[in-house]
Amino acid sequence: MATANKVSVIPCGAMTADLTWLLLKPGRSITDRSHKDGPAPWVDVPSHCVLVETDEGKLLWDTSCPRDWEERWGPTGLQEFFPYDHVSEEEYLDSRLNQMGVGLDEIDYVVLSHLHFDHAGNAQMFRNTGAKLVCHQREKDFAFGFDGLFVGAHLKTDYEGLDFQTVSGDTEFLPGVTLIETPGHTVGCMSMQVDLPDTGPMIFTSDAVYMGESYGPPATPAAIVNNLEQFYASVEKLRGIQERTGAQMVFGHDAEQIHQLRTAPEGSYT
């Protein structure tokens with residue numbers, strides 16, 4: 001079986017938000033009458049990217065949030081609900097790549113799990129590089145197909161003018177790298193499985209599964225889900241793959257898990 005060579009999880013600081021956006025769970029964001037006066041907690045919503053190195057090139061999975069988030073997100077109003085305010089200078093994506101000694105021109109593929117503003121926020125960094133930008137066909141159709149500047153967390157400023165190649169279905173993309181259709185969060189949200197020689201399989205869920213508490217079982221949905229039926233189906237699809245392969249799950253925005261992983265620039269997985 002083909003494997004990738006190395007995976008680097010790149011932590012890019014955190015947004016903060018009301019937990020309800022991420023988790024509709026009794027006792028956590030849904031309270032009983034004796035706690036009705038207490039608001040749902042605000043929590044860290046960490047953002048990460050992943051660099052996968054293979055014999056056929058380097059792949060960057062997602063691009064996190066932009067430095068100019070407050071100004072760029074202004075038209076959407078979402079900067080009031082998801083401020084990217086727990087981030088230091090060294091945690092922005094361009095700083096992280098510099099720390100890792102990875103030039104933008106060394107990245108062959110930039111694969112966007114979906115085109116929301118906290119995943120495609122730095123896609124424009126790759127405009128004049130040799131990187132091929134990739135997303136799901138349904139995601140591209142939606143993201144470029146609506147009228148106006150934004151719909152929900154899709155903001156055209158992030159990706160307009162860029163040329164995207166697309167995939168459909170579950171796709172073996174590079175040696176040891178499989179892109180998995182996991183719609184629900186958006187119409188074309190994808191997850192990624194990376195098979196490594198020592199670590200074994202890792203699955204990066206992106207927003208198909210926000211956090212361990214979302215995964216369960218039972219799966220717990222969120223306030224931001226485009227299609228609830230697809231959300232549940234995608235979570236169980238990923239659970240089936242994990243049960244079959246023993247894969248390590250890396251969730252999209254888990255504030256506890258990100259600190260338990262080996263992260264760049266110091267750590268990596270092989």
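The model is predicted: local features need pLDDT of at least 70, side-chain atom pairs count only at pLDDT 80 or more, and totals for chains, interfaces and linings use all residues. Residues are numbered from 1 along each chain as its sequence is written, and side-chain values use heavy atoms, with hydrogens and water left out.

**Helix H2**
- Helices are DSSP runs of H or I with at least four residues, strands are runs of E with at least two, and both are numbered from the N terminus.
- H2 spans residues 93-100, and its buried residues are Leu 93, Ser 95, Arg 96 and Leu 97.
- Buried means under 20% relative accessible area (1.4 Å probe, protein chains only).
- These buried residues pack against strands E1 (6-18), E2 (42-54) and E3 (57-61); contact means heavy atoms within 4.5 Å.
- Gly 101 follows H2, and its phi is positive, near 70 degrees.

**An open sheet**
- Five strands form an open sheet with mixed pairing, in the order E9-E10-E11-E12-E13.
- E9 (171-174) and E13 (248-250) are the edge strands, each pairing on one side only.
- Two strands pair if DSSP finds at least two bridges between them.
- E11 (residues 190-196) and E12 (residues 200-204) run antiparallel and are joined by five bridges.
- Leu 196 stands opposite Gly 200 in E12.

**Annotated domain**
- An unreviewed UniProt entry annotates residues 46-253 as "domain: Metallo-beta-lactamase"; such annotations may be inferred rather than shown by experiment.
- Over residues 46-253, the chain is 21% helix and 26% strand.
- The end C-alpha atoms of this stretch are 5 Å apart.

Methods. Buried means under 20% relative accessible area, exposed over 50%, partly exposed in between (1.4 Å probe, protein chains only).
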